[in-house]
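Dear colleague,

Please find below the structure that I am handing over to you. My findings follow it, beginning with the strand pairing and moving on to the ligand and the confidence scores.

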Amino acid sequence: MVGDMNDHAPALEIRDLTRSFGSVRALDGAGLCARRGEVTALLGPNGAGKTTTISCATGLLKPDSGSVEVLGEDPWQAGADLRARVGVMIQDGGLASGATALQLLHYGASLYAYPLEADEVAEHLGITDFGGTLVRRLSGGQRQRLALALAIIGRPELVFLDEPTAGMDPGIRRTVRDLIRALARTGTAVVLTTHLMDDVEGLADQVVVISGGRTVAAGTVDEVIAAHRAPDATLTVTARARGVAPDAAEALSADLRATARLHGVDLELSTGGAADLESVLLDLIDEPDAGGLAAATARTREAR
Ligand SMILES: Nc1ncnc2c1ncn2[C@@H]1O[C@H](COP(=O)(O)OP(=O)(O)OP(=O)(O)O)[C@@H](O)[C@H]1O
């Protein structure tokens, strides 16, 4: 909606963020870079620090240390102009209201100089169907759709979406994914958090993995998988043998292992497919020395 499609300049740069709540160190050096025209997915387990990172980036929360640059400005020094260029969709975010869904969306649009057409957005996200319902009576999925509509109605240059497809049925989830892709294509920098790997694989140009308040990996999905699944001296053999009877499969495995042992190699055989992002994430958040990996993937990014 805004900007040049080929412009991939950073829209959000976060460095070395720390933030504690009492004795809980929610952020412990987190960092990320999100670019215009790209979808950046923030991943990590519950309590990793994703929401705290977004809250610091949107100016809702002041970090203890570190720096945040939003569209080239410090959100703590900037005025209302900057806020108008940034959209935020937060989980269950303050929508309790006596207005109807459509009234709230039209009101949201009226706050911006060049908003999207509220009725068109409502139609696209299926909000028209419940447009006359009071906001406080909406279902979880309906509320999510309205919150998303409000986050994008002002044609933001940078938009934060906290679990945008959570609680949505498969049909509307697809619509929402299409919408997010379209937003990025028109130059918006989209930063989203999600626990759904389908969202990540289908949407994200970049992923940033946060664990224990630190960034433990960053890059494209393929880079993160490759960086994590490339331990030295490992030979990965992928062999598909279809129509093998179960007892023959066992015998085949035993023969393959025996052959490998002749070469001094312990062969690990599994019925699973290639490395996927979900298993890499699980490994990453368990990893005691995730810092080393973060540095390695940061180097990968710098080299790009
Ligand atoms: N206002 C607060 N007061 C006290 N502790 C907080 C507060 N907000 C967050 N925390 C703590 O900070 C840590 C990071 O929380 P955060 O909400 O950022 O995680 P998250 O990655 O967004 O998790 P989820 O995936 O569950 O949404 C957690 O240990 C959480 O309990």
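Strand 1 and strand 2 run antiparallel and are joined by 9 bridges. This and everything that follows is read from a predicted model. In the hairpin that these two strands form, 2 residues lie between the strands, and Gly22 adopts a positive phi near 60°.

Strand 1 also pairs with strand 4 (residues 65-70), again in the antiparallel sense; this pairing comprises 5 bridges. Thr18 takes part in both pairings: Asp28 of strand 2 stands opposite Thr18, and Ser65 is the bridge partner of Thr18 in strand 4.

I turn next to the ligand. The residues around the ligand are Phe21, Val24, Ala26, Pro45, Asn46, Gly47, Ala48, Gly49, Lys50, Thr51, Thr52 and His195. By class, this shell divides into 5 nonpolar, 6 polar and 1 charged residue.

- Thr51: an N or O atom of the side chain is 2.6 Å from a ligand oxygen atom.
- Asn46: a polar side-chain atom lies 2.9 Å from an oxygen atom of the ligand.
- His195: the corresponding distance, from a polar side-chain atom to a ligand oxygen atom, is 3.0 Å.

The ligand exposes 630 Å² when taken alone, and the protein buries 61% of that area. Two or more residues of the shell come from each of strand 2 (24-35) and helix 1 (50-57). Helix 1 provides the largest share, with 3 residues.

Finally, a word on confidence. The mean pLDDT of the protein is 83, with 82% of its residues at 70 or more. Among the elements, strand 1 (residues 10-21) has the highest mean pLDDT, at 97, whereas helix 11 (residues 290-303) has the lowest, at 44. Over residues 288-304 the pLDDT is below 50; in the model this stretch has 24 contacts beyond near neighbours in sequence. The model scores are ipTM 0.97 and pTM 0.78.

With kind regards

Notes: Residues numbered from 1 in each chain as written. Predicted model: local features only at pLDDT ≥ 70, side-chain atom pairs only at ≥ 80, totals over all residues. Heavy atoms only, no water. pLDDT = per-residue confidence, 0-100. Helix = DSSP H or I, 4+ residues; strand = E, 2+ residues; numbered from the N terminus. Contact = heavy atoms within 4.5 Å. Near = heavy atom within 4 Å. Polar contact = N/O pair within 3.5 Å; in protein donor to acceptor, adjacent residues only side chain to side chain. Areas by Shrake-Rupley, 256 points an atom, 1.4 Å probe, with all protein chains shown as cover. Nonpolar A, V, L, I, M, F, W, Y, C, P; charged D, E, K, R; others polar. Pairing = 2+ DSSP bridges.
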